[in-house]
Amino acid sequence: MNKEKKIEVNTKGCKACGICYALCPQGVLDKDHMGKVVVKNPDACTQCRICEDHCPDYCIKIGG
Amino acid sequence: MLKDIEKLMRVKRLPHIWCPGCGNGIVMKAMLEAINDKGLDPDKTVVVSGIGCSSRATGYMNFDTLHTMHGRALAFATGVKLAKPELNVFVVTGDGDGSAIGGNHFIHAARRNIDLNVIMFNNNIYGMTGGQYSPLTPQGRFATTAPYGNLERPFDICKLAQGSGATYVGRSTVFHTKLLTDVIKAAIDNKGFSFVEAVSICPISYGRRNKLGAAPQMMKWLKENTVNVKAAEKLGAEKTAGKIIIGELYHEAGTLEYTELYDRLITRVEEGGR
C-alpha cells in the first residue's frame, strides 16, 4: 500500500479547530500558517483513527 | 469508519454550520457509527430534533428527518412511534431544548417508557442564541445571562431520566468516542425509553467566556475530569466529587414498552373486553 495515500485530508473543509494535531499520539499531523491540518510525518501513522474519530468536520479519512 | 457512514450523511450539505471545534459533529458521527454497526434499515429510521445547535444535526443525516419546534421533538417523536411502532425513532436534542423548554415532554416520555432513543448533546449553554445559561450550565460558570457567574444548580440529567422512568441511561463525552458509540448501541438494543447524554464542547459561546481555552484544551479537560462508572464504584463518592461519571449508568430489563401496551389495549377493546 502506498503510505502517502493512507491519510486523506480535506483541507477545504477544515475549520482549523486544532483537535486532530493536539490528539495525535505520533505527531503525524501538524498545522499550516492558517492553523489548518497538514500531514507532516505520514510514515509514523499507526492508523489508530483518533484523529478521524475526533474531527468534528469529517475532514480526515484513514486507510483510504 | 468514516467511509462506511458517509452513505448515511447528506454529504452535499457539508461542511456543516457548527463552529470550529464544536463537539456536535463528533456526536453525530458516533450516532451514525452506532446506527451503521447495528445494521438499522435507513428507510425504517426516523430522526427527530427540536431547535438549537444540536438539532441542526437532522439536516446532515440521510434518513427521514423532522426538524420540529423548540423543545417539542419528543412530542413529535412520540407521535411518529405510536403511528408506526416498527420504525426506529431517534431524538436529537440539546441541553436547553431537552431539559428547559422541553423538560416536561422529557420526563413524561421517560415515564411512559416509549421506545425512543434520545441523544442529548450537552454543551452546557444555549450556543445558537449567543450563550445564555441553560439548566445544565454548572454553578459558577459565566454566560451572557449570568455575567457574574451562574447561581443556579444544574440538573443531573441522567438521574432525572432514571428517576422519571427511563429504562436505559448512559453518558459519554466527545473525547470518549468509542464509549459514546457503545452506549448509543446499547440504547438502540433497549426496547423502551433510552437516554444518552453526550457531553459536548462549545469552545466559542461557552469555552471562550469561561476561559477554558480552545477546542484541544477543552478536550483535555474532558479527559481529565471524567471517571468511568466501574472505576467510580471502587473510588467512592469523595474521590469522584465534581467529576463526570461516564458509561452505562442504568439499565432496567423486562419493563413493558408503551406501544406494546397500546397494541394490547387495542386488541382487548376490539375483542369487546374492558
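**A tour of backbone features and the A–B interface**

Select B:Asn113 to begin: this residue sits in the loop that connects helix H5 (103-112) to strand S4 (117-122) of chain B. Helices (H or I, at least four residues) and strands (E, at least two) are DSSP runs, numbered from the N terminus. The model is predicted: local features need pLDDT of at least 70, side-chain atom pairs count only at pLDDT 80 or more, and totals for chains, interfaces and linings use all residues. Residues are numbered from 1 along each chain as its sequence is written, while chains are lettered from A and ligands numbered from 1 in the order in which they are written.

Although B:Asn113 is not a glycine, its phi is positive, about 55°. B:Asn113 has 23 other C-beta atoms within 10 Å and is therefore buried (20 or more other C-beta atoms within 10 Å of its own; exposed means 12 or fewer, partly exposed in between; C-beta atoms are placed from the backbone).

Next, select A:Ala16, in the loop between strand S1 (7-9) and helix H1 (19-23) of chain A. A:Ala16, also not a glycine, has a positive phi of about 60°. This residue counts as partly exposed because it has 16 C-beta neighbours inside 10 Å.

Return to chain B and select B:Leu14 and B:Pro15, which are joined by a cis peptide bond with omega about 0°. B:Pro15 belongs to the loop between helix H1 (2-5) and helix H2 (24-38) of chain B.

Finally, display the interface, where 17 residues of chain B are in contact with 15 residues of chain A (C-beta atoms, placed from the backbone, within 7 Å). On the chain B side, H1, H2 and helix H9 (215-224) of chain B each give two or more residues.

Definitions and conventions:
Contact = placed C-beta atoms within 7 Å.
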